There are 2 protein chains.
Amino acid sequence: MTSAAVSKEDVLDRLAKVFRDQGYEAASLSRLAKASGLGKASLYYHFPNGKQEMALAVIERAEMLFSEQILQPLRSGDAPAQRIAQFLRNLDTYYCNGEESCLLGVFAMTAVPEEFEQYIVSGLKRWIDELSAVLEEAGLLRKMALGRAETAVCWIEGALLVSRGTKSTKPFKQMLSQLKAFLLHDL
Amino acid sequence: MTSAAVSKEDVLDRLAKVFRDQGYEAASLSRLAKASGLGKASLYYHFPNGKQEMALAVIERAEMLFSEQILQPLRSGDAPAQRIAQFLRNLDTYYCNGEESCLLGVFAMTAVPEEFEQYIVSGLKRWIDELSAVLEEAGLLRKMALGRAETAVCWIEGALLVSRGTKSTKPFKQMLSQLKAFLLHDL
DNA sequence: GTCTATACACCGATAGAC
DNA sequence: GTCTATCGGTGTATAGAC
């Protein structure tokens, strides 16, 4: 990994895929080593606290990427309706048309170390809050905006889950096609 | 477990709780034994194929209970709107106000043995189809009904996930309070 | 920085007494 | 039917060579 060919970001992205696809407990060091292209001992060189540190680094990178690619565009200078439309396109890219799972969603649904839980809570809340802010700007009362944003996040997470469960990206695509109307109706 | 005090159903319900709360891989035989009140070897007496058989029995019991408590009332003789309202009350009971996870949802999100996947696919699809049938009866075109039912199941699963992730039953309660209007609007 | 080799705990699973 | 004891394998984690 010294060579720039495989950067720390590359390693984190490969580890992330294992955690997203398998969940925390099922992501064994053997699988993580294989996916990252490093030996187990090398992983411990980069993450001295082992699997837990790997997963935390993966969570932090995921929150950074999610913030950059999904949340920050929500704060641009465009009209709210435009920002919502862009938000949906960005979701489509981020989750690969519904083929990728949400790391926070996967960790929320299964056993993880206690230290992770605050990341999950705050990650989901931040998502809801940022979306709610746009809806408020579009003219919705705070309470309505929060409720609608919360519903949207539930819908997105549920669509990812059902898409994965039914081995079809249709639920995700359908959600994307209807979410804008839901978020902006009566506006 | 010979005594009627702890029936096979009791054991399955206790095992189910472990699988729902931890996911398949994290549900170790030690935890399953402790939760069931039986030793590991006793579990193997009742489930000769081990953990996989336990999980399959748990899935099958969950589908039976879900069918009885949630899906069959959807086929009663009442008016569609009444049936939907009852469906929501039954969901509230089944998922303990949003405090319990959906077994299929948990298994859908993480690594499980290949044999499970058809149960997950068909369980989710059946849920969508039964709900869709009621909406069709209420006057919706087949295609619309299917789309709306799929959205509803995504919403429910997502609300359970977000409720668990944020350690609050509010998303689940909010979903319950709004789903009827969503399912029946323009009807 | 990466590796091979290894330590030790826990995993799923079984044998055999009761 | 349930238990204790134990198996072989894999899990996470480390030591030490290179």
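1. The buried residues of α5(A) pack against α4 (50-71), α7 (117-137), α8 (142-166) and α9 (170-184) of chain A, where contact means heavy atoms within 4.5 Å. The buried positions of α5(A) are A:Arg83, A:Ile84, A:Ala85, A:Phe87, A:Leu88, A:Asn90 and A:Leu91; buried means under 20% relative accessible area, exposed over 50% and partly exposed in between, with a 1.4 Å probe and protein chains only. Helices are DSSP runs (H or I, at least four residues), numbered from the N terminus.

2. The model is predicted: local features need pLDDT of at least 70, side-chain atom pairs count only at pLDDT 80 or more, and totals for chains, interfaces and linings use all residues. Residues are numbered from 1 along each chain as its sequence is written, chains are lettered from A and ligands numbered from 1 in the order in which they are written, and side-chain values use heavy atoms, with hydrogens and water left out.

3. The length of helix α5 (residues 80-94) of chain A agrees with expectation, because its 15 residues at 1.5 Å a residue should span 21 Å and its end C-alpha atoms are 20 Å apart. The expected span is 1.5 Å times one less than the number of residues. After α5(A) comes A:Cys96, which has a positive phi near 50°.

4. α4(A) and α5(A) have axes 9 Å apart and pack at an angle of about 145°. On the α4(A) side the contact involves A:Ala62, A:Leu65, A:Phe66, A:Gln69 and A:Ile70, and on the α5(A) side A:Phe87, A:Asn90, A:Leu91 and A:Tyr94. These residues comprise 7 nonpolar, 2 polar and no charged. Axes are lines fitted to C-alpha atoms, for helices over the stretch in contact, and angles run from 0 to 180 degrees between N-to-C directions. Ala, Val, Leu, Ile, Met, Phe, Trp, Tyr, Cys and Pro count as nonpolar, Asp, Glu, Lys and Arg as charged, and the others, Gly among them, as polar.

5. In helix α2 (residues 29-36) of chain A, the buried residues are A:Leu32, A:Ala33 and A:Ser36. They lie on the same side of α2(A), because they cover an arc of only 100° around the axis. Their packing partners are α1 (8-22), α3 (40-46) and α4 of chain A. A:Gly37, with a positive phi near 80°, follows α2(A).

6. B:Thr110 lies in the loop between α6 (103-109) and α7 (117-137) of chain B. B:Thr110 is buried, with a relative accessible area of 8%. Its side chain reaches the backbone oxygen of B:Val106 at 3.3 Å. Leaving aside residues up to four places away in sequence, B:Thr110 touches A:Asp21, A:Gln22, A:Gly23, A:Val106, A:Thr110 and A:Arg164.

Note on methods. Helix = DSSP H or I, 4+ residues; strand = E, 2+ residues; numbered from the N terminus. Arc of directions from axis to C-beta. Polar contact = N/O pair within 3.5 Å; in protein donor to acceptor, adjacent residues only side chain to side chain.
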